[in-house]
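Subject: Structure handover

Hi,

Here is the structure I promised you. Please open it alongside this email; my notes follow below it.

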Amino acid sequence: MRIAIITQARINSSRLPNKIFLEAAGKSFLSYHIERLKETTVPIIVATTDDGSELPIVEFCLKNNIDCFRGSEMNVLKRFYDCAVHNDIEVIVRVTSDCPLIDAELVKQGIDRYLSFSDDKLYFSNTLDRTFPRGADFEIFSIAQLKNAYENAYDELDAEHVTPYIWKNKSGEVNIFQLKQSADYSNYRLTLDTQEDFELIKLLIEEYKADKLSMKSICEIMDQNPSLAKINSHIEQKKA
């Protein structure tokens, strides 16, 4: 069974332009994202846009020996489907490049758990009934589920956000499994979408070496230093 992590990345961002190439400790956030994902040992594909703005991402992938696929800018569902078909992927692990501190071990445990079900109708994630912080997000689903969404999702938001057609079970044929943990860190925001997010993650990397830590350890640092969470606690997440 061919499984791959597909991470979406683009230059244009309305709230924080060029965010994935902003830096902490002299390294881009896209570098941190990819380096942490590599620890899963699962193949990684960067699914980016084809509007011309993606050239720095393509160059990054070439330099770092990462597979790159270019597709629709706004119809991200089509981009993911075309990427999976082009690369003959049977199981897709979807992540986004605005998660520079994503936890490789958590993703790997999720993949192993998903595969143990042997169910191509399964949607597996840690995002719906959230106990993990934003920035630890991942979703796992089969090419069959992605194909069904691609062929039947006509809502604009379904196309823009890739998986709502699946997790809303609009086909009526999806089995949903939500990965949860006993500690609830859902109030922490470790994703990169605003200037405040940038300031927090930069601080965590440069002062606390967060790029070397598990997500659990990072959240424990947040617990011990309440002022950190206040940096971006007022930011409202975009709705899917």
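Helices (H or I, at least four residues) and strands (E, at least two) are DSSP runs, numbered from the N terminus. Helix 3 is followed by D88, which has a positive phi near 55°.

Two ground rules. This is a predicted model, where local features need pLDDT of at least 70, side-chain atom pairs count only at pLDDT 80 or more, and totals for chains, interfaces and linings use all residues. Residues are numbered from 1 along each chain as its sequence is written, and side-chain values use heavy atoms, with hydrogens and water left out.

Helix 3
Helix 3 spans residues 76–86. Its buried residues are V76, L77, R79, F80, Y81, C83 and A84. (Buried means under 20% relative accessible area, exposed over 50%, partly exposed in between, with a 1.4 Å probe and protein chains only.) Their cover includes strand 1 (3–8), strand 4 (44–49), strand 5 (67–71), strand 6, helix 5 (143–152) and helix 6 (156–161). Contact here means heavy atoms within 4.5 Å.

T96 sits in strand 6 (residues 91–96). Setting aside neighbours within four places in sequence, T96 contacts T7, Q8 and H33.

L101 is in the loop between strand 6 and helix 4 (104–117). With 0% relative accessibility, L101 counts as buried. Beyond residues up to four places away in sequence, L101 touches R36, G135, I201, L204, I205, A210, D211, M215 and I218.

Helices 8 and 9
The axes of helix 8 (residues 195–208) and helix 9 (residues 215–224) come within 12 Å and cross at roughly 100°. Axes are lines fitted to C-alpha atoms, for helices over the stretch in contact, and angles run from 0 to 180 degrees between N-to-C directions. That makes helix 8 roughly perpendicular to helix 9 (65 to 115 degrees; under 35 is roughly parallel, over 145 roughly antiparallel, the rest oblique). L200, L204 and Y208 in helix 8 meet I218, I221 and M222 in helix 9.

In helix 9, M215, I218, C219, I221 and M222 are buried. Seen down the axis of helix 9, these fall within an arc of 150°, so they line one face. (The arc is that of the directions from the helix axis to the C-beta atoms.) They pack against helix 1 (29–38), helix 8 and helix 10 (226–230). The face turned away from the buried side of helix 9 carries exposed K216 and Q224.

Best wishes
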